[in-house]
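Please walk through this chain from its domains to its sheet, its helix packing and a few backbone details. The sequence and the model come next.

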Amino acid sequence: MLDFTPPSSVERVALRINPCKTCQPVGAMYAALGVHGCMPLSHGSQGCASYHRTVLSRHFKEPAIAVSSSFTEGASVFGGGSNIKTGVKNVFDIYKPDIIAVHTTCLSETIGDDVRSFIQEMTVPDGKHVVHANTPSYVGSHVTGYYNMMCGFINYLSASTGQSNGRVAVFPGWMNPGDLRELRSLLESLSLDFVMFPDQSGVMDSPLLGHYDMYPDGGTTIPEIVSLGDCRTALGLGDVISTEPCRALERKCKVPHRVLPYPIGVENTDDFVMEAASLSGIGSIPPCVERERGQLIDIMVDSHQNYAGKTAAVFGDPDTVLGLMSFVLELGMTPIYSVTGTPSEKFEAEAEKLLKKHGAEGCRAKSNADLFELHQWIKRERVDVLIGTTYGKQIAKAEDIPFVRAGFPVLDRYVHSYMPIVGYKGAMRLVEMIANALMEYRDRTCADEDLEIVM
Ligand code: SF4
């Protein structure tokens, strides 16, 4: 399908081919689904809302609830004030959420709808809430939409009483429910008293119990979001995705913060564990966590012969790519190409720092890039493994490269969103996926006399 991608590339400014990102409202919707009893409302046309829901439902294999203010020609010309006010009333009457999280779309942003004013003019039932975030999709990406919606919740709801609650606000960034459960389990092992925001576990991985629950048990509750303002500190994960929400909380409620990389791989997880242990004051790392780390190192040593001299291309969301790059380097491979579609100078600077630290030379890391360009680079110099979202499968097929699916979205496999890639357990799973991809390729392409039973 992509066999005819030309190897030579030209610098493109106003054209993306096979983008490595999706639109801001997708991120805003996913952030809102991490709040208990929340109904996301897409302020724009029904088509936008359908698309955002579809992407999330295809990745998580779960219904992603959302409503739309259903722009027609009239709203497109005169503004969507009347639509959103009627829509919010109907949603509270019919679907009975605790809170509605409104995000804008390209259309409502282009018209210039003042959503904050619309919300001030609405009649919101007692005890219910409406928050909003501006998420124009012609800037940023779903990652930008995600942190904009987090800032929306913080700006509307979080409040400081002047009395610390002694807890730590943990902003995990964009993660699968399996990752969130793994983070939670590590933090609980380290005896940290924390509030995780947002938290899609229990919402986007809810079980099939024979009845449909529009608002499953999971998600950060509204009182918990309010209480973020009384936390003693905030721990953000992912420089690109979590810095803005940390700053928003600091601006509003004077909560200091620290941002760490996603805990993907050994060193990043070590940093996360040590920070959480120091915040909890636990003194020493519990044996269960030490055991997991030791098992990971053992697995890495056992399988090390597969990685020496191997090269990788990693693509996806900026913080996920940085974490995967770090782990690929720890395994002894070189991530010669690292690409994210999200525009981010921070990504390029962090990637360069990481490559320098590991003495990796001849590597390219680019933000605001696309998969067409990544494919062109691969055409010129092949890699041994491709790691990223489902959208890499066409490149993997055209070039016959072992392919490991990680990040968002993964649309063509099951169970992945239940399984972590963060923490020591997540790194074990990454070893399994990367080593298996390399070994299966060797089995498939080697001469019959070289086919090994014991590898
Ligand atoms: S019009 Fe804008 S907000 Fe709607 S789906 Fe397209 S990019 Fe996303």
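Helices (H or I, at least four residues) and strands (E, at least two) are DSSP runs, numbered from the N terminus. Residues are numbered from 1 along each chain as its sequence is written. The model is predicted: local features need pLDDT of at least 70, side-chain atom pairs count only at pLDDT 80 or more, and totals for chains, interfaces and linings use all residues.

The protein chain is assigned domain 1 (24-157), domain 2 (168-289) and domain 3 (294-450); such bounds come from an automatic or database domain assignment. Between domain 1 and domain 3, the C-alpha centres are 34 Å apart. Nine residues of domain 1 are in contact with eleven residues of domain 3, where contact means that the C-beta atoms of two residues, placed from the backbone, lie within 7 Å. On the domain 1 side, α2 (46-60) and α7 (142-157) are the elements that give two or more residues, and α2 supplies the largest share, four residues. By class, that side has three nonpolar, four polar and two charged residues. Here Ala, Val, Leu, Ile, Met, Phe, Trp, Tyr, Cys and Pro count as nonpolar, Asp, Glu, Lys and Arg as charged, and the others, Gly among them, as polar.

Next comes the ligand. Around the ligand stand Cys23, Pro25, Cys48, Tyr51, Thr105, Cys106 and Ser137, a residue being near a molecule or strand if its C-beta atom, placed from the backbone, lies within 6 Å of it. This shell holds five nonpolar and two polar residues, and no charged ones.

An open sheet is built from five strands in the order β11-β10-β9-β12-β13, with parallel pairing; two strands pair if DSSP finds at least two bridges between them. β11 (364-366) and β13 (403-405) are the edge strands, each with a single partner, so one side of each has no neighbour in the sheet. On average, neighbouring strands are turned by 15° against each other, direction ignored. Within the sheet, β9 (residues 311-316) and β12 (residues 385-388) pair over three bridges, and Ala312 stands opposite Val385 in β12.

Two helices lie across these strands. Helix α15 (residues 371-380) lies across β9, β10 and β11, at about 175° to β9. For such angles, axes are lines fitted to C-alpha atoms, for helices over the stretch in contact, and angles run from 0 to 180 degrees between N-to-C directions.

α13 also packs against other helices. With α14 (residues 345-357) the angle is about 5° and the axes are 10 Å apart. The two are therefore roughly parallel, the term for angles under 35 degrees. Pro318, Leu322, Met325 and Ser326 of α13 meet Phe347, Glu350, Ala351 and Leu354 of α14, a set of six nonpolar, one polar and one charged residue. With α11 (residues 266-280) the angle is about 120° and the axes are 8 Å apart. That contact joins Val266, Glu267 and Asn268 of α11 to Gly323, Ser326 and Glu330 of α13.

Some backbone details remain. A cis peptide bond joins Phe197 and Pro198, with omega about -10°; Pro198 sits in the loop between β6 (194-196) and α9 (222-227). Another cis peptide bond links Phe408 and Pro409, with omega about 0°, and Pro409 is in the loop between β13 and α17 (423-445). Asn368, in the loop between β11 and α15, has a positive phi near 55° although this residue is not glycine.

Definitions and conventions
Angles under 35 degrees count as roughly parallel, over 145 as roughly antiparallel, 65 to 115 as roughly perpendicular and the rest as oblique.
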